[in-house]
Amino acid sequence: CQSGSVSCERENCLNLTCERSFVPDGQCCPVCKVCTYEGVQYNDGDVFVPSSNSCLNCSCRGTTVDCTELSCPVCSHPSPKQSGECCDVCGPCLFEGTLHNDETTFISRNDPCLNCSCINGNATCHKVDCPDLVCENLVAVPGQCCPVCQVCTYEAVQYDNGDTFISPSNSCLNCSCKGTTVSCAELSCSVCSQ
């Protein structure tokens with residue numbers, strides 16, 4: 001107000017070089033959306049790890065810095081963290097009294113139908129899916145999970161348990177499959193005795 005008259009001038013705003021800006025309440029010029037953390041400026045949306053603590057993950061939201069600790073894997077047998085490291089080092093898995101190295105797979109000693117893996121020091125197991133077999137006699141093989149068909153192999157041909165057959169190479173032999181064993185006996189007939 002000068003000599004009874006009001007004069008207004010437009011405020012000259014600075015040219016901003018930032019990507020995002022806003023006008024604070026009560027002001028007319030925009031300002032950059034930046035965060036300052038430990039004397040360093042970050043733009044809105046920046047994600048950074050501060051130089052003072054490599055175990056933090058920080059982000060700039062508007063003009064506010066939010067920091068969270070890095071997430072570490074959960075280990076059942078962690079080794080102590082080394083200096084400068086944020087997380088414990090996951091050790092081996094102890095399963096059924098045996099140590100298994102991290103990131104390995106193994107079969108349970110007590111149950112051959114459990115396929116297990118050691119990840120981040122934790123053992124996880126799942127049941128093995130056995131294939132559907134088309135045969136009359138299934139046999140459990142010690143140390144294996146899935147049963148197998150009980151067959152006999154004779155002269156490169158497979159026969160089911162209980163089958164009787166004439167030998168493919170000698171028509172005078174009558175053979176039978178019992179379990180996994182083939183036994184043959186000579187036929188008594190006039191064709192074979194000549």
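Two residues are in contact when their heavy atoms lie within 4.5 Å. In this predicted model, that criterion describes the surroundings of Ser59, which is in contact with Asp46, Val47, Phe48, Thr64, Val65 and Asp66, its neighbours within four places in sequence being left aside.

- Strand β6, which spans residues 56–61, contains Ser59.
- With a relative accessible area of 12%, Ser59 is buried, because buried means under 20%.

- Strands β13 (residues 114–119) and β14 (residues 122–127) run antiparallel and are joined by six bridges.

**Glu38, between β3 and β4**
- The loop between β3 (34–37) and β4 (40–43) holds Glu38.
- Glu38 is a residue other than glycine, yet its phi is positive, near 50°.
- The relative accessibility of Glu38 is 46%, so this residue counts as partly exposed.

**Glu96, between β10 and β11**
- Glu96 is located in the loop between β10 (93–95) and β11 (98–100).
- A positive phi near 55° is found for Glu96, again in a residue other than glycine.
- Glu96 counts as partly exposed because its relative accessibility is 26%, a value judged against the range between 20% and 50%.

Methods: Residues numbered from 1 in each chain as written. Predicted model: local features only at pLDDT ≥ 70, side-chain atom pairs only at ≥ 80, totals over all residues. Heavy atoms only, no water. Helix = DSSP H or I, 4+ residues; strand = E, 2+ residues; numbered from the N terminus. Buried < 20%, exposed > 50% of the residue type's maximum accessible area, 1.4 Å probe, protein only. Pairing = 2+ DSSP bridges.
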